[in-house]
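Colleague: Please take a close look at one part of this model. Then set that part against the rest of the chain.

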Amino acid sequence: MINFPDFQKIELRIGTIFSAEKIEGSEKLLKLSVDFGEKDATGLPAVRQVVSGIAKTYKPASLVGKQLVFVANLEPRVIMGLESQAMILATENKKGKLILVKPNKKAPSGSKLH
């Protein structure tokens, strides 16, 4: 079990998927470009790269434009040579298929869950 102050450190945010593609050499990984409402040094929208093992359940084209819930403040991790800068949240149904966690209404990219 974690204590409440540790739980408060986890940033759950809404991310909007800008692009998605399969990762060559992997059956289960997708590379996502996700908008968390951040800006780059020039003030233009910045996207983060997220590598996720959801390709057996979701086709890349079906994810573009979708809003999902991510852990946005994880330390980056390299997966198959690609840096992943957040983690998508999902659960499984009784048949083992992934179900992505999403808001029930559109929210601004980067919105923090409370």
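Modeller: Leaving aside neighbours within four places in sequence, Lys28 is in contact with Ser52, Gly53, Ile54, Ala55 and Lys56 (contact means heavy atoms within 4.5 Å). This is a predicted model, where local features need pLDDT of at least 70, side-chain atom pairs count only at 80 or more, and totals for chains, interfaces and linings use all residues. Residues are numbered from 1 along each chain as its sequence is written, and side-chain values use heavy atoms, without hydrogens or water.

Lys28 sits in the loop between strand S1 (12-22) and strand S2 (30-39). Strands (E, at least two residues) and helices (H or I, at least four) are DSSP runs, numbered from the N terminus. Lys28 counts as partly exposed because its relative accessibility is 48%; buried means under 20% relative accessible area, exposed over 50%, partly exposed in between, with a 1.4 Å probe and protein chains only. From Lys28 to Leu74 the C-alpha distance is 21 Å, across 46 residues of sequence.

Ser26 lies in that S1–S2 loop too. With a relative accessible area of 17%, Ser26 is buried, whereas Lys28 is partly exposed. A polar atom of the Ser26 side chain lies 3.0 Å from the backbone nitrogen of Leu29.

Ser84 belongs to strand S6, residues 82-84. Ser84 is buried, at 6% relative accessibility. A polar atom of its side chain lies 3.0 Å from the backbone nitrogen of Val51. Apart from residues up to four places away in sequence, Ser84 touches Gln49, Val50, Val51, Pro76, Arg77 and Ile79.

Several of these names return at the largest pocket. Ser84, Val51, Arg77, Ile79 and Met87 are the lining residues nearest its centre. A pocket is an open set of points on a 1 Å grid where a 1.4 Å probe fits, with protein on both sides within 12 Å along at least five of seven lines, and lining residues have an atom within 4 Å of a point. The volume is about 230 Å³, taken as the space filled by probe spheres set on the points. The lining has 15 residues. By class, 9 are nonpolar, 4 polar and 2 charged. Strand S3 (45-52), strand S5 (77-79) and strand S7 (87-88) each supply at least two lining residues. S3 gives the most, with 3.

Between S5 and S6 comes another loop, and Met80 lies in it. Its phi is near 50°, a positive value in a residue other than glycine. Most residues other than glycine have a negative phi. Met80 counts as partly exposed, at 48% relative accessibility.

Finally, the whole chain. The protein chain has 2 helices and 9 strands. From the N terminus, their order is α-β-β-β-α-β-β-β-β-β-β. The radius of gyration is 14 Å, close to the 13 Å that the globule rule gives for 114 residues, so the chain is as compact as a globular protein of that length. That radius is taken over C-alpha atoms, and the rule is 2.2 Å times the number of residues to the power 0.38. Along the principal axes, the C-alpha atoms fill a box of roughly 40 × 35 × 30 Å. Buried residues make up 31% of the 114. Among contacts between residues at least 6 apart in sequence, 60% join residues at least 24 apart.

Definitions and conventions: Ala, Val, Leu, Ile, Met, Phe, Trp, Tyr, Cys and Pro count as nonpolar, Asp, Glu, Lys and Arg as charged, and the others, Gly among them, as polar. A polar contact is a pair of N or O atoms within 3.5 Å; within protein, one must be able to donate a hydrogen and the other to accept it, and residues adjacent in sequence count only if both atoms are side-chain atoms.
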